[in-house]
Amino acid sequence: MVSSITFPHIKAKHIRNHTSCFTMMMMKVLCIMMICMVVATPYAAALTCGDVNSKLTPCLNYLKHGGKVPVPCCKGVKGLNAAAKTTAEKKTACGCLKKAYKHLSGIKEDNAIALPKKCGVSIPYKISPHTDCNKIK
């Protein structure tokens with residue numbers, strides 16, 4: 001049997017005050033944590049050209065020479081499609097693809113346009129240096 005220990009010198013009023021202070025402090029800490037999470041989330045999830053390039057690097061041989069699309073390439077295409085959910089992210093991905101066209105020589109436009117379909121992915125724009133990324137929704 002567990003007996004309760006009482007401390008006659010500590011009054012119930014003091015215990016309630018300490019409990020109340022502790023509860024208020026915990027609420028403040030939780031609020032600060034929630035604010036930090038809300039503020040940090042958009043920046044942590046933002047899609048970058050580095051992300052786009054790393055996902056599509058396995059596709060370079062196909063983009064330049066055609067042929068069979070490698071499995072790692074399709075994995076990257078599907079990963080990029082999953083990462084670009086919002087309109088802003090789709091526009092970012094489009095802009096990054098256009099930059100890659102300018103910096104990498106030998107990419108055949110027909111191969112780039114066909115790539116998503118060959119990987120079983122539907123995107124709302126053509127992968128082309130002529131695509132107007134601002135029109136993507």
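What percentage of the 137 residues in the protein chain is buried? Buried residues make up 25% of them. Please keep in mind as you look around that this is a predicted model.

**Stop 1: the whole chain**

Show the protein chain as a cartoon. Follow the chain along its sequence and the pattern reads α-α-α-α-α-α.

**Stop 2: the disulfides**

A disulfide is a covalent bond between the sulfur atoms of two cysteines. How many disulfides does the count come to? The count is four. If you number the bonded cysteines along the chain, the pairing pattern is 1-6, 2-3, 4-7, 5-8. We will visit three of these links.

Begin with Cys59 and Cys73, whose sulfur atoms are 2.0 Å apart. The torsion about their S-S bond is about 105 degrees, so this disulfide is right-handed. Cys59 sits in the loop between α2 and α3, while Cys73 belongs to helix α4; the two are 14 residues apart and link distant parts of the chain. Are these cysteines buried or exposed? Cys59 is buried, and Cys73 is too.

Next, select Cys74 and Cys119. They are joined by a disulfide with an S to S distance of 2.1 Å. This link is left-handed, with -80 degrees about the S-S bond. Cys74 is in helix α4 and Cys119 is in the segment after α6, so the pair ties together parts that are 45 residues apart in sequence. Cys74 and Cys119 are both buried.

Cys94 lies in helix α5 and Cys133 in the segment after α6, so parts that are 39 residues apart in sequence are tied together. Both of these cysteines, Cys94 and Cys133, are buried.

**Stop 3**

Why does Cys94 count as buried? Buried means under 20% relative accessible area, and Cys94 counts as buried because its relative accessibility is 2%. Leaving aside neighbours within four places in sequence, Cys94 is in contact with Tyr125, Thr131, Cys133 and Ile136. Try the distance tool as well: Cys94 and Lys126 are 32 residues apart in sequence, yet 8.8 Å apart in space, C-alpha to C-alpha.

Now click on Thr131, one of the contacts of Cys94. Thr131 is found in the segment after α6. Thr131 is buried as well, with a relative accessible area of 11%. Which residues does Thr131 touch, not counting those up to four places away in sequence? They are Cys94, Lys98, Tyr125 and Lys126.

**Stop 4**

Finally, let us look for open space. The largest pocket holds about 210 Å³. To find this pocket, select Leu56, Leu63, Leu97, Ala100 and Leu104, which lie nearest its centre among the 14 lining residues. The elements that give two or more residues to this lining are α2 (49-56), α3 (60-65), α5 (87-103) and α6 (109-118). Colour the lining by class and you will see twelve nonpolar, two polar and no charged residues.

The second largest pocket has a volume of about 180 Å³. Its lining counts 15 residues, and the closest to the centre are Leu80, Asn81, Ala84, Ile123 and Tyr125. At least two lining residues come from each of α4 (71-83), α5 and α6. By class, this second lining has twelve nonpolar, two polar and one charged residues.

Note on methods:
Residues are numbered from 1 along each chain as its sequence is written. This is a predicted model: local features need pLDDT of at least 70, side-chain atom pairs count only at pLDDT 80 or more; totals for chains, interfaces and linings use all residues. Side-chain values use heavy atoms; hydrogens and water are left out. On a 1 Å grid over the protein atoms alone, a cavity is a set of points where a 1.4 Å probe fits but cannot get out, and a pocket is an open set with protein on both sides within 12 Å along at least five of seven lines; lining residues have an atom within 4 Å of a point. Grid points are joined across faces, edges and corners, and a volume is the space filled by probe spheres set on the points. Helices (H or I, at least four residues) and strands (E, at least two) are DSSP runs, numbered from the N terminus. Ala, Val, Leu, Ile, Met, Phe, Trp, Tyr, Cys and Pro count as nonpolar, Asp, Glu, Lys and Arg as charged, and the others, Gly among them, as polar. A disulfide is a pair of cysteine sulfur atoms within 2.5 Å. Buried means under 20% relative accessible area, exposed over 50%, partly exposed in between (1.4 Å probe, protein chains only). Contact means heavy atoms within 4.5 Å.
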